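Please look through the sequence and the model below before reading on.

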There are 2 protein chains.
Amino acid sequence: MSPKITTELLKQLRQVMKSPKYVQEPVQAYIVPSGDAHQSEYIAPCDCRRAFISGFDGSAGTAIVTEQHAAMWTDGRYFLQAAHQMDNNWTLMKMGLKDTPTQEDWLVSVLPEGSKVGVDPFIIPADQWKRMSKALRSAGHDLVPVKENLIDTIWTDCPQRPCKPLITLDLSYTGVSWRDKIVALRSKMAERKVLWFVVTALDEVAWLFNLRGSDVEYNPVFFAYAVIGMNTIRLFIDGDRMMDPAVREHLQLDSTLEPEFKIQVMPYGSILSELQAIGAGLSPKEKVWLSDKASYALTEAIPKAYRYLTPYTPICIAKAVKNSSETEGMRRAHIKDAVALCELFNWLEKEVPKGTVTEIIAADKAEEFRSQQKDFVELSFATISSTGPNGAIIHYKPVPETNRTLSVNEIYLLDSGAQYKDGTTDVTRTMHFGTPSAYEKECFTYVLKGHIAVSAAIFPNGTKGHLLDSFARSALWDCGLDYLHGTGHGVGSFLNVHEGPCGISYKTFADEPLEAGMIVSDEPGYYEDGSFGIRIENVVLVIPAETKYNFKNRGSLTFEPLTLVPIQTKMIDVNLLTQKECDWVNDYHQKCREVIGAELERQGRHEALRWLIRETEPLIRAQ
Amino acid sequence: MSPKITTELLKQLRQVMKSPKYVQEPVQAYIVPSGDAHQSEYIAPCDCRRAFISGFDGSAGTAIVTEQHAAMWTDGRYFLQAAHQMDNNWTLMKMGLKDTPTQEDWLVSVLPEGSKVGVDPFIIPADQWKRMSKALRSAGHDLVPVKENLIDTIWTDCPQRPCKPLITLDLSYTGVSWRDKIVALRSKMAERKVLWFVVTALDEVAWLFNLRGSDVEYNPVFFAYAVIGMNTIRLFIDGDRMMDPAVREHLQLDSTLEPEFKIQVMPYGSILSELQAIGAGLSPKEKVWLSDKASYALTEAIPKAYRYLTPYTPICIAKAVKNSSETEGMRRAHIKDAVALCELFNWLEKEVPKGTVTEIIAADKAEEFRSQQKDFVELSFATISSTGPNGAIIHYKPVPETNRTLSVNEIYLLDSGAQYKDGTTDVTRTMHFGTPSAYEKECFTYVLKGHIAVSAAIFPNGTKGHLLDSFARSALWDCGLDYLHGTGHGVGSFLNVHEGPCGISYKTFADEPLEAGMIVSDEPGYYEDGSFGIRIENVVLVIPAETKYNFKNRGSLTFEPLTLVPIQTKMIDVNLLTQKECDWVNDYHQKCREVIGAELERQGRHEALRWLIRETEPLIRAQ
């Protein structure tokens, strides 16, 4: 992959940074955050401003351009990718390494005295604004909002904001009606004595109204805001999407309703002025609840004294705990997904030795098999189909320039998932279609031990996920190996494949405690730059555990794998496993055989079934 | 132990809270924090204001008294003790439990509108002031500094502030002279572009000048502040302690010195006015470095724009990494300490069956044996000598009312340590002098597994201690057991037995990464209310580890136990151990036998030596 040449673009950006047409005063630095106005992780093409200016299109990264410098902050998943995609105009700032300066420290070190640093107030989250602004001010600089997005001014062929039709989800999928969700939300608002709640995250709007969209690739969301009062519901959304009779029926737009459930539909662009009007009309002690990650622009619309900011909104927390309709849907989705992967791996086993399967062909084939399954909507993220050295690029996506042919000599890593109407999947398997080396098997087995250590962990109710992260690393650490990413993230129910407020990572501390019904991924890995990548990922459901002493009735939790795809036994060095770990693998494979085997049978996929039976033969450990 | 009756005291306190003699305006609530003006954990009797007003004398707790209520916040170590020591005037707020309100939330819920909340500005750390003040203000209340401490106004027989002689430590103990420490500090100051550094923590003053004191029981510190400029050194200290020729010689007070190493000695009480003078004389860009835990009073002396606040000071961080003189001293101290404990346990084994040994007698005997060792100074904390149900009170200290007789039917837990001139010790052993039940052995063995999991852990350089906490709990969690305290704390070198900035606890996140040379405790436990307590604690040194793949030259770390006291094998259910754990115990006991055995031999303590040999017989695991 060759880097994007950005010399001309940076020149143009530096010009508009000084142009009175766009800025009141020249800005000496301009920040280009990763997100959109909803602080989404995955964004629409029109919002890919950081990728446009730098060439680096990973899912996380912040660019800062000064008159002399251009720098990109990203995390361990993307060090290699960013280095490949950016030209020499850019300095890569490797977050998480000891010597890497923070954005604030770096700015202070390079800016001339009394500088102005510009940023789009709709894109920067309020909490980041606050931190950045404080740090800059204490060094004599100013963070200033630049109303017009400066990237947009130089992005001549910027695509339009998408506005696709909506999908309505009935009770059989959601378990709870949108009316009941509003009632529950208002009761949380009453508890905290707030009058208004502003829904800014796209997945929160979608979840609240039991609607889905396709405005953002891989994420079944649509561009909208909502403002919920104790007696009013305002939905800010563009296009003719509210003309769809199914949507009107679903939202009861034409029914005679109690006024507190009557939804007022307003233009997407009117959110700021509506919020300003609400802010201007507040009496003392009347509060408006926002996420502290809402944009600076919307947060500022409410005078400071009236703001009630929390790191996690009540919707975010409610959404994370799946009800029985949702978990049953997730189970169904994972069974279908496993069927598709059994087909794929069976096909790969036959085709790879012929030398005709590239990373892109394999990814397309995976999508093809998935799309044959009921209620398939789209992929849940860009398939990471990588072989050999490409596997070490943690969030690699094959493109023609890098597309490698699978062979019997290299490890193949496939991290993929789909959106089904009943659930979201995300699974990684690492396979070898020839004979893996002893070292590859050794590394794979340590990763597997870490995967099992998390999956089989038992922990008291109230434990936060970050406390489990080291379990995934212990076997690797013992041999001097590690991986530079977290171990797990929350997974939505036919929603974003990454969601808060829970996860399993050494990097967070403010995660909410794990609760029965939450769904997270368990995905330790090991990456050898220039050689191979290994990752084993299941999506797991938090469930109550049975323990001998039950924490004096505090209760305990553990995980149940929803993903049921064989883990390649050829890659396992059985003698590095304990008997308990060996039993875990065998029990897991027995369950794959029973549950996925029955579905393969039902779907008449006999060859894939034979593959499954073969791949789930019990391991036997030398005593 | 009967609770302190506080009805009359609270009445008096509520009177002075309204008295114009002490407060400009009446305060509706008064906060009594735990610490002293130096934010010490262990405090002098004159600073035990919270214990005076409430009766609760644990090492951590904050009291808040309003016109109607009196409430005490403390953590899991002290729930039982606080409940025992306080009368019905007090509500116990159990920190760490889900439903316990924060102090701020509780105040907001009980205070009438527009209340004033008072606190002594010398006692409250600046970071706490800020958080509390912000929360109160947003609810319409005010946090106000009350100059005269209101507890002192009603504490008629308050003891005097101690002012004891100093001990000088030469290079053989400290490894680095105070001059070199000043040079290193000034280079850190230059790096951060600060002109002044204010030393507020007592152990930091002591460490910086290679002096020790005995103003606070168990902590070899003395009441003093220091202010270090780029060319000046000011030491704020009272009494005639600077008249001691040894001290004058050590600090070179009478020598002709380069001016930048000339120490100006000033009265302890003049720190505030000196700081105010410094603050008033600063030019723009001139900064003063303080801990963000320094008192609100001292922090306020420096105008906000000139403050440079950090959670850990450069002294705190330098002090934590022990040099070779210090680690050698710590090794010597731990050998002597182990000799004393071998004598004690041998004595207990003979005496306990007679039914004449109480918790207090056992604690006194431990002190007696320790005091026979070279360079013994004092204990490093109040000995926790507890048997049966008293063992479940995590920071129990035997007093005549609770003093229980050791017997062959109950578990005995001894958590004790000493200050030697060459090092500080802290060790817990849990013993049974009869026949432990299967359940007691089971619990003990889980705790031991957790202890070993931390002690034997290998982890990459740069890992923070809190990431190791779950290793200590995993075996307990598997059976539905847990303990409500952290797993380890930093330990000073002939200094405070608890010190930052490292530790091993699920409760912290802002700890500094572990580095070779740091010293922490490893002390998981299990407590069964009303029955028994189990804890196994060693002090361990962070050392480089050898691993197969060495984290791509990032390097790795592990722990070496400094404590070398047998772990009672009678309490171990060997069949619950893995072979690796069993080997760990046997290797550890082999080292105890070699190192402590040689010293017992040298000291002619033959009976204790025989006890040691007996107690370090290898475990044999059924295959």
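Which residues of chain A does the UniProt annotation "domain: Creatinase N-terminal" cover? The annotation, from an unreviewed entry, covers residues 48-150 of chain A; UniProt positions are given in the numbering used here, feature names are shortened, and annotations may be inferred rather than shown by experiment. This is a predicted model, in which local features need pLDDT of at least 70 and side-chain atom pairs count only at pLDDT 80 or more, while totals for chains, interfaces and linings use all residues. Residues are numbered from 1 along each chain as its sequence is written, chains are lettered from A and ligands numbered from 1 in the order in which they are written, and side-chain values use heavy atoms, with hydrogens and water left out.

Within residues 48-150 of chain A, 34% is helix and 21% is strand, and the end C-alpha atoms of the span lie 13 Å apart; helices (H or I, at least four residues) and strands (E, at least two) are DSSP runs, numbered from the N terminus.

Of the area that domain 2 of chain A buries against domain 3 of chain A, Tyr173(A), Tyr218(A) and Tyr312(A) supply 35%, more than any other three residues.

Side chains of opposite charge can pair when their charged atoms come close. Between domain 2 of chain A and domain 3 of chain A the count is 1 salt bridge, the term being used for a side-chain nitrogen of Lys or Arg within 4 Å of a carboxyl oxygen of Asp or Glu. Elsewhere in the account of chain A, Glu499(A) forms a salt bridge with Lys319(A), and the closest N and O atoms of the pair are 3.1 Å apart.

Inside chain A, helix 8 (residues 178-191) packs with helix 9 (residues 202-209) at an angle of about 115 degrees, their axes being 7 Å apart; axes are lines fitted to C-alpha atoms, for helices over the stretch in contact, and angles run from 0 to 180 degrees between N-to-C directions. Helix 8 of chain A contributes Trp178(A), Lys181(A), Ile182(A) and Leu185(A) to this contact, and helix 9 of chain A contributes Trp207(A), Leu208(A) and Phe209(A).

Two backbone details in chain A also deserve a look. A cis peptide bond, with omega about -5 degrees, joins Gly500(A) and Pro501(A), and Pro501(A) is found in strand 23 (residues 499-504) of chain A. Asp375(A) has phi near 65 degrees, a positive value in a residue other than glycine, and Asp375(A) is placed in the loop between helix 15 (359-371) and strand 15 (376-379) of chain A.

The last topic is the interface of the chains. The contact takes 38 residues from chain B and 38 residues from chain A, and the two chains bury about 3100 Å² between them, 57% of it on carbon and sulfur atoms. Trp477(B), Phe509(B) and Tyr549(B) supply 21% of the area that chain B buries against chain A, more than any other three residues. Across this interface the rule finds 4 salt bridges. Arg554(B) forms a salt bridge with Asp482(A), with the closest N and O atoms 3.4 Å apart, and the side chains of Lys548(B) and Glu442(A) meet in a salt bridge at 2.7 Å, N to O.

Note on methods. Contact = heavy atoms within 4.5 Å. Buried area = accessible area lost by both parts, 1.4 Å probe.
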